[in-house]
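Take a look at the structure below. Then follow its pockets and its surface, one step at a time.

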Amino acid sequence: MITKVKKWGNSLGVRIPRPFANKANIEDGTEIDIEIKGQNLILKSTKPVYNLNKLVSKISDKNRHLEIITSQKIGKEIW
């Protein structure tokens, strides 16, 4: 896709089309890393992409926490 660079104050800006932003996990306020390789600008999202299955697969007996009771029951809780 071709787009144009526009002046934005003393800087230059490029609009990122919504399909590209969605695929790159970029939304309003997302911090990005900008690199220069030759005459190419490379924009990278710094926002991590989480996957529940991958996160759960990292749970082990070594990093599993025990249940903690923080107070006595107050009301009709069932312990």
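This is a predicted model: local features need pLDDT of at least 70, side-chain atom pairs count only at pLDDT 80 or more; totals for chains, interfaces and linings use all residues.

Begin with the largest pocket. It holds about 700 Å³ of space. Its lining counts 22 residues. Gly13, Val14, Arg15, Ile16 and Leu43 lie nearest the centre of this pocket. Several elements each give two or more residues to the lining: β1 (6-8), β2 (11-13), α1 (18-23), β3 (32-37) and β4 (40-45). β1 gives the most, with three residues. By class, the lining has eleven nonpolar, four polar and seven charged residues.

Now turn to the second largest pocket. About 180 Å³ of space lies there. Its lining includes Met1, Thr3, Pro17, Lys23, Ala24 and Ile26. Val14, Arg15, Ile16 and Leu43 also line this second pocket, and these four are among the residues nearest the centre of the largest one.

The surface comes next. Met1, Ile16, Phe20, Ile32, Ile34, Ile36, Leu41 and Leu43 make a nonpolar patch of about 860 Å². β3 supplies the largest share, three residues. β3 and β4 each supply at least two.

End with Phe20. This residue lies in helix α1. Is Phe20 buried, exposed or partly exposed? Phe20 has a relative accessible area of 45%, so it counts as partly exposed.

Key. Residues are numbered from 1 along each chain as its sequence is written. Side-chain values use heavy atoms; hydrogens and water are left out. On a 1 Å grid over the protein atoms alone, a cavity is a set of points where a 1.4 Å probe fits but cannot get out, and a pocket is an open set with protein on both sides within 12 Å along at least five of seven lines; lining residues have an atom within 4 Å of a point. Grid points are joined across faces, edges and corners, and a volume is the space filled by probe spheres set on the points. Helices (H or I, at least four residues) and strands (E, at least two) are DSSP runs, numbered from the N terminus. Ala, Val, Leu, Ile, Met, Phe, Trp, Tyr, Cys and Pro count as nonpolar, Asp, Glu, Lys and Arg as charged, and the others, Gly among them, as polar. Patches are made of residues with over 30% relative accessible area and no salt bridge: like charges are joined within 9 Å, nonpolar side chains (Val, Leu, Ile, Met, Phe, Trp, Tyr) within 5 Å. Accessible areas come from the Shrake-Rupley method with a 1.4 Å probe; for residues, only the protein chains shown count as cover. A salt bridge is a side-chain nitrogen of Lys or Arg within 4 Å of a carboxyl oxygen of Asp or Glu. Buried means under 20% relative accessible area, exposed over 50%, partly exposed in between (1.4 Å probe, protein chains only).
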